[in-house]
Amino acid sequence: RRIRVLRRLLKKFREAKKLDKYSYHKMYLECKGNVYKNKRTLMEHIHKEKGIRAREKELQDQLEAKKMKSIAKREKLAKKETKRREKERAERGSTTTKKADTKKKSKK
């Protein structure tokens with residue numbers, strides 16, 4: 001009777017999309033293996049596991065956001081650096097052409 005009650009609860013949770021198929025299968029086998037003494041212990045385990053998964057997902061999202069921010073910062077710095085280099089090249093190029101022009105004029 002106890003196993004039927006636990007399996008019915010698992011089935012209800014799975015159909016309500018509160019459990020994914022992997023968690024369902026794992027807990028089903030644990031019910032079969034006499035891990036859960038009663039319905040309350042099974043419910044506690046389900047809620048505990050859902051909390052752990054929620055925390056892991058939150059940490060994963062935070063890590064992803066941190067990576068995206070870092071990539072954006074790196075791209076911004078690279079863009080700024082290339083702009084600075086182009087500006088320096090333009091300045092250097094204009095000064096060298098001025099010097100070349102003055103040398104040509106002095107030779108004439």
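**Exercise 1. Locate Asn34 among the elements of the chain and describe its backbone.**

Solution. Asn34 is found in the loop between α2 and α3, where helices (H or I, at least four residues) and strands (E, at least two) are DSSP runs numbered from the N terminus. The model is a predicted one, in which local features need pLDDT of at least 70 and side-chain atom pairs count only at pLDDT 80 or more, while totals for chains, interfaces and linings use all residues. Residues are numbered from 1 along each chain as its sequence is written, and side-chain values use heavy atoms, with hydrogens and water left out. As the next step, consider the backbone: Asn34 has a positive phi of about 65 degrees although it is not a glycine. For background, most residues other than glycine have a negative phi.

**Exercise 2. Describe the setting of Lys17.**

Solution. Begin with the position, which is the loop between α1 and α2. Then take the backbone, where Lys17 shows a positive phi of about 65 degrees although it is not a glycine. Finally, Lys17 is classed as exposed because its relative accessible area is 74%, given that buried means under 20% relative accessible area, exposed over 50%, and partly exposed in between (1.4 Å probe, protein chains only).

**Exercise 3. Identify the largest nonpolar core and the elements that build it.**

Solution. A nonpolar core is a set of buried Ala, Val, Leu, Ile, Met, Phe, Trp, Tyr and Cys residues joined through side-chain atoms within 4.5 Å. The largest such core has 11 residues, among them Leu10, Phe13, Leu19, Tyr24, Met27 and Ile46. Two or more residues each are given to this core by α1 (2–15), α2 (21–32) and α3 (39–107), and the largest share, four residues, comes from α1. To see one member in detail, take Leu19, which touches Leu10, Phe13, Arg14, Tyr24, Met27 and Ile46, not counting residues up to four places away in sequence; contact here means heavy atoms within 4.5 Å.
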